[in-house]
Amino acid sequence: ETRDFIQTRTIISSSSAIISTISSSTLIWMILRSPQRLTTTRHRILFGMAVGDIMFSLSFATYGVMVPSDVDYYVWNAQGNQATCNVSGFMSAV
């Protein structure tokens with residue numbers, strides 16, 4: 001894979017993750033402002049899915065920054081260390 005392809009892939013995946021985070025946050029806001037709030041099963045399920053999506057999307061959006069800097073030959077914009085890599089892995093697994 002070329003460096004340009006890796007950079008483009010990282011930018012596209014980060015951008016889509018940010019859009020997903022904004023969309024899920026809007027969904028949570030709409031649920032909490034509705035008259036029923038979390039009293040309906042549908043709202044509780046959607047709320048849980050939106051929270052999970054936010055956690056996964058945030059780990060995807062910050063993927064390039066959280067990867068250890070010693071693998072910058074493979075991941076564009078790698079600026080992290082082992083601790084940030086562990087946090088990113090935990091957020092993806094949750």
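The model is predicted. The protein chain has 4 helices and 0 strands, and its elements run α-α-α-α from the N terminus on. Its radius of gyration is 16 Å, well over the 12 Å that the globule rule gives for 94 residues, so the chain is more spread out than a compact globule.

**Overall build**

- Taken along the principal axes, the box filled by the C-alpha atoms of the protein chain is roughly 50 × 25 × 15 Å.
- Of the 94 residues in the protein chain, 26% count as buried.
- The protein chain exposes about 6400 Å², and 67% of that area is supplied by carbon and sulfur atoms.
- Among contacts in the protein chain with a separation of 6 or more, 42% come from residues 24 or more positions apart.

**Helix 2 with helix 4**

- The crossing in which helix 2 passes helix 4 is left-handed.
- On the helix 2 side, the contact is made by Met55, Phe56 and Ser59, while helix 4 brings Ser88, Met91 and Ser92.
- Sorted by class, this contact of helix 2 with helix 4 has 3 nonpolar and 3 polar residues, and no charged ones.

**Residues to find in helix 1**

- Start with arginine 3, which is found in helix 1 and is partly exposed, with a relative accessible area of 41%.
- Arginine 3 and tryptophan 76 are 73 residues apart in sequence, yet their C-alpha atoms are 7.6 Å apart in space.
- Leaving aside neighbours within four places in sequence, arginine 3 is in contact with Asp72, Tyr73, Val75 and Trp76.
- Isoleucine 6 is also found in helix 1, which spans residues 3-33; with a relative accessibility of 4%, isoleucine 6 counts as buried because the cut-off for that class is under 20%.
- Between the C-alpha atoms of isoleucine 6 and phenylalanine 56 the separation is 21 Å, and the two residues are 50 residues apart along the chain.
- Further along, leucine 32 lies in helix 1 and is partly exposed, its relative accessible area being 37%.
- Not counting residues up to four places away in sequence, leucine 32 touches Arg37, Leu38 and Phe47.

**Residues to find in the loops**

- Arginine 37, one of the residues touched by leucine 32, lies in the loop between helix 1 and helix 2.
- The phi angle of arginine 37 is near 45°, a positive value in a residue other than glycine.
- Asparagine 77 lies in the loop between helix 3, residues 63-66, and helix 4.
- For asparagine 77, phi is near 65°, again a positive value in a residue other than glycine.
- Asparagine 77 is partly exposed, with a relative accessible area of 29%.

Methods: Residues numbered from 1 in each chain as written. Predicted model: local features only at pLDDT ≥ 70, side-chain atom pairs only at ≥ 80, totals over all residues. Heavy atoms only, no water. Left-handed = near helix turned anticlockwise from the far one by under 90°. Helix = DSSP H or I, 4+ residues; strand = E, 2+ residues; numbered from the N terminus. Contact = heavy atoms within 4.5 Å. Nonpolar A, V, L, I, M, F, W, Y, C, P; charged D, E, K, R; others polar. Rg over C-alpha atoms; globule rule 2.2 N^0.38 Å. Buried < 20%, exposed > 50% of the residue type's maximum accessible area, 1.4 Å probe, protein only. Areas by Shrake-Rupley, 256 points an atom, 1.4 Å probe, with all protein chains shown as cover.
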